[in-house]
Amino acid sequence: MFIVRRIVAGAILLFAISILAFTLLYLDSATIARRILGETATEELIARKTAELGLDLPLWQQYLQWLANALQGDLGRSWTNGQLVSVNLADRLSVTLSLVIGTTVLTAIASVVLGILAAQKGGWVDGVIQVITVLGFAIPGFLIALYLVLAFAINLHWFKATGYVPPTDSISGWLASVTLPILALSFGAVAAVTQQIRGAVIDGMSRDYVRTLRSRGLSPASVVYRHVLRNAAGPALAVLALQFIGLLGGSLIVEQVFALPGMGQLTVAAGVGGDIPVVMGVVVVFAIIVIVVNLAIDLAQAALNPKVRLS
């Protein structure tokens, strides 16, 4: 029942998001047609274009048509190039997910290591890690991206400054094209998750059950990794999920810096060109990803803490 409730709640949320996004994007049909045809278009041309795109129908009828097609996997066709929106999204989504998933994995590993080091060692080690996390919070990702391009692509020639190589073409080329963007996105995410893990470990180490475990002769490493870190995993996973969702937006800017053909480039081009079906498709895909990530985190927290299943 816990999983069913979460899936139903996610479906309702997706339905609500689609209604809101569709209403906002398709509400002013005259403006949409004028943006496509240009400011010099006559009223007759605008009316003809509006009818051609089906924008002369009542908004609720347009939405029901879109919804019926979307439920069959058809998100419509791009108004600029005529391609299926789903095909456009599939081509670009793999690039963005490469960055976001790579950044999340790197963030999880680096945050656990830094958070435990800061909590256990204290002193100057904690101080250095605190400074790193503050810098991670303070410096915007696009500035870090520009610095990485100057340092490692232009000066040292270790990586490519722009462009993307699919992993199906070359694994080494793919790594070379995504390493700098992933590093640029990771700084802020690592800062947030490291602080969460550090605080949770420090709090956990002061609990009575830790003193009991120590009195039974368990090693400090066993106490931290088998007990304290397990209890700290729930809140840390929640923060990591928020970072994953935030990375979907942050990657749009970093993709522009590195000229990567991901969802960011597609969204900007569709927004500027008034390609509403593509923008709508981007909103739906991002909403599905966010809902799936939240569902996965709920399931992970329920596995770690059975009390969650009762909430």
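These legends accompany several close-up views of one predicted model.

Residues are numbered from 1 along each chain as its sequence is written, and side-chain values use heavy atoms, with hydrogens and water left out. Because the model is predicted, local features need pLDDT of at least 70 and side-chain atom pairs count only at pLDDT 80 or more, while totals for chains, interfaces and linings use all residues.

**View 1**
Let us start with the overall picture. The protein has 13 helices and zero strands; helices (H or I, at least four residues) and strands (E, at least two) are DSSP runs, numbered from the N terminus. The C-alpha trace spans about 85 × 55 × 35 Å along its principal axes. Of the 311 residues, 38% are buried, where buried means under 20% relative accessible area, exposed over 50%, and partly exposed in between (1.4 Å probe, protein chains only). Among contacts between residues at least 6 apart in sequence, 71% join residues at least 24 apart; a contact means heavy atoms within 4.5 Å.

**View 1. Confidence along the model.**
The average pLDDT is 84, and 97% of the residues score at least 70; pLDDT is the predictor's confidence in each residue, from 0 to 100. Helix 4 has the highest confidence, at 92, whereas helix 13 (residues 307-310) has the lowest, at a mean of 59. Where pLDDT is low, the predicted coordinates should not be read in detail.

On a 1 Å grid over the protein atoms alone, a pocket is an open set of points where a 1.4 Å probe fits, with protein on both sides within 12 Å along at least five of seven lines, and lining residues have an atom within 4 Å of a point. The lining has 15 residues, with Y26, L53, W66, N69 and G76 nearest the centre of the pocket. Helix 1 (2-26) and helix 4 (59-70) each supply at least two lining residues, and helix 4 gives the most, with four. By class, the lining has eight nonpolar, five polar and two charged residues; Ala, Val, Leu, Ile, Met, Phe, Trp, Tyr, Cys and Pro count as nonpolar, Asp, Glu, Lys and Arg as charged, and the others, Gly among them, as polar.

**View 4**
The structure holds four salt bridges, each a side-chain nitrogen of Lys or Arg within 4 Å of a carboxyl oxygen of Asp or Glu. Side chains of opposite charge can pair when their charged atoms come close. In this view, D298 and R6 meet through their side chains, at 3.0 Å from N to O. D298 lies in helix 12 (residues 276-304) and R6 in helix 1, so the pair ties together parts that are 292 residues apart in sequence. D298 is partly exposed at 22% relative accessible area, and R6 is partly exposed at 23%.

R48 and E44 form a salt bridge, with their closest N and O atoms 3.2 Å apart. These residues are four apart in helix 3 (residues 43-52), which means that about one helical turn separates them. Both R48 and E44 are exposed.

**View 2. D126 and its partner R198.**
The side chains of R198 and D126 meet in a salt bridge of 2.8 Å, N to O. This pair links distant parts of the chain, with R198 in helix 8 (residues 171-205) and D126 in helix 6 (residues 123-138), 72 residues apart. D126 is buried, at 12% relative accessible area. Beyond its neighbours within four places in sequence, D126 is in contact with A118 and R198.

**View 3. A110 beside V190 and T194.**
A110 sits in helix 5 (residues 85-121) and is partly exposed, at 22% relative accessible area. Its contacts, apart from neighbours within four places in sequence, are V190 and T194. The C-alpha atoms of A110 and V190 are 6.7 Å apart, although 80 residues separate the two along the chain.

H157 is not a glycine, yet its phi is positive, at about 60°. H157 is found in the loop between helix 7 (141-155) and helix 8, and it is exposed, with a relative accessible area of 62%. A259, also a residue other than glycine, has a positive phi near 55°. A259 belongs to the loop between helix 10 (220-258) and helix 11 (263-273) and counts as partly exposed, at 35% relative accessibility.
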